[in-house]
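Dear colleague,

Please find below the structure that I am handing over to you. I would ask you to look through it once before reading the notes that follow.

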Amino acid sequence: MTNRVCQALGIKYPIIQGAMQWVSDASLVASVSEAGGFGVLASADAQKENIRVEIKKVKRATTKPFAVNITIISQTAKDILDVAIEEKVPFVVLTAGNPKPFIPLLKEAGIAFLSVVATVKQAIKMEELGASVIVVEGQEAGGHIGEMTSMTFIPQAVAAVNVPIVAAGGIATGHGMAAAFALGAEGIQMGTAFMVSQECTIHQNVKDALIQADSGDSVVTGRKHHHAVRCIANELTKAFATLDEKNAPVEDYAAIGKGATYKASREGDVIHGSVMAGQIVGLVNSEKTTAEIIQDTIAEYNTVIRQLLEMS
């Protein structure tokens, strides 16, 4: 398979692994890239030297292209950018904030960038700034989300920009990939699907919770304060719902949410921690290698396309 996403990123399959805090480490990233996809190393609020170690681990494990995600609003964003440049990372993925100050530094270093957006206006702006690929993320995705659904967002973004679009949010299978391509996307981003991969180093409790969950277990918290986050329902989400009922200030949400993602992903507390996952979690029902996830997705996609052609 080859298209503009594959060509822009130098990959075999147009499948991007979403950057997930405390999830997307060197082990997962390298395995995805080695299997023909595009691994993305999460950084969030990580320290510069910790990310340097992870970058070096990825490079030792694969020679295939990968990216470092930079959360622009993070206090360590500039440090992460600096280390990405110093380590000659081929790509960065820019999220959550205005990337304009970073663009000249990236261009000078010869590093291409992708951008994850939540609105069509953002997609247009990222094209103007020189993004090689734009990831449009629907609210079906796990973690921090916007308001648009993938079904409505993808075709409008495709109509608005000329750079290749990658669809994210609610995709974990070849059927989802075929649907995204039918809407005009040229690639997909998956997060929840890769969380249960054998190479993903999150706590086994989280993997088990995702495998056992169905679509009804995916809930959104924080909408009242415009900080919507999709995760698996548990005691933490109930606590957030109680705060909603009380019209509590945003500081109260921050107090009980601080460190909750780490608590789940690394300590295995799936009761009081934040288990971020997308609505497609009902189709994530077994632990596989990243290579198997990618190959199964491509095989199913090809089957769907053949069936559609036979019907035409």
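The notes speak of helices and strands throughout, so a definition comes first: helices (H or I, at least four residues) and strands (E, at least two) are DSSP runs, numbered from the N terminus. Please also bear in mind that this is a predicted model.

Asn247 is found in the loop between helix H11 (235-245) and helix H12 (250-257). Although Asn247 is not a glycine, it has a positive phi of about 55 degrees. Asn247 counts as exposed because its relative accessibility is 59%, and exposed means over 50%. Trp22 lies in the loop between S1 and H2. Trp22 is likewise a residue other than glycine with a positive phi, here near 65 degrees. At 40% relative accessibility, however, Trp22 counts as partly exposed.

I turn next to the sheets. An open sheet of 8 strands shows parallel pairing, and its order is S1-S9-S8-S6-S5-S4-S3-S2. Which strands stand at the edges? They are strand S1 (15-17) and strand S2 (39-41); each has a single partner strand, so one side of each is left without a neighbour in the sheet. From one strand to the next, the twist averages 30 degrees. Within this sheet, S6 pairs with strand S8 (residues 165-168) in the parallel sense, over 4 bridges. Val135 stands opposite Val166 in S8.

An open sheet of 3 strands has antiparallel pairing and the order S7-S11-S10. Strand S7 (143-144) and strand S10 (218-221) are at its edges with a single partner strand each, so one side of each lacks a neighbour in the sheet. S10 and S11 run antiparallel and are joined by 4 bridges. Val220 stands opposite Arg230 in S11.

Ala67 is found in strand S3 (residues 66-71). Is Ala67 buried or exposed? Its relative accessibility is 0%, so Ala67 counts as buried. Leaving aside its neighbours within four places in sequence, Ala67 is in contact with Phe38, Gly39, Val40, Leu41, Val89, Phe91, Val92 and Val93. By contrast, Asn98 is 31 residues from Ala67 in sequence and 19 Å from it in space, C-alpha to C-alpha. Ser115, in strand S5, is also buried, with a relative accessible area of 3%. Not counting residues up to four places away in sequence, Ser115 touches Leu94, Met126, Val133, Ile134 and Val135.

An α-helix has 3.6 residues a turn, so residues three or four places apart point the same way. Gly130 follows H6 and has a positive phi, near 105 degrees.

In helix H8 (residues 174-182), the buried residues are Gly174, Gly176, Met177, Ala178, Ala180 and Phe181. Among the elements that cover them are H7, S8, strand S9 (187-190) and helix H14 (290-311). H8 is followed by Gly184, with a positive phi near 115 degrees.

Helix H10 (residues 204-212) has Val206, Lys207, Ala209 and Leu210 as its buried residues. Why do they line one face of the helix? Seen down the axis of H10, they fall within an arc of 160 degrees, so they line one face. Their cover includes helix H9 (192-195), strand S11 (229-232) and helix H13 (260-265).

Finally, there is a pair of packed helices. Two packed helices are described by the angle between their axes and the distance between the axes. For helix H2 (residues 26-34) and helix H3 (residues 48-61), the angle is about 35 degrees and the axes are 9 Å apart. The crossing of H2 and H3 is right-handed. Ala26, Val29, Ala30 and Glu34 in H2 meet Glu54, Lys57, Val58 and Ala61 in H3. By class, this contact has 5 nonpolar, no polar and 3 charged residues.

Yours sincerely

Definitions and conventions
Residues numbered from 1 in each chain as written. Predicted model: local features only at pLDDT ≥ 70, side-chain atom pairs only at ≥ 80, totals over all residues. Heavy atoms only, no water. Buried < 20%, exposed > 50% of the residue type's maximum accessible area, 1.4 Å probe, protein only. Arc of directions from axis to C-beta. Contact = heavy atoms within 4.5 Å. Axes fitted to C-alpha atoms, helices over the stretch in contact; angles between N-to-C directions. Left-handed = near helix turned anticlockwise from the far one by under 90°. Nonpolar A, V, L, I, M, F, W, Y, C, P; charged D, E, K, R; others polar. Pairing = 2+ DSSP bridges.
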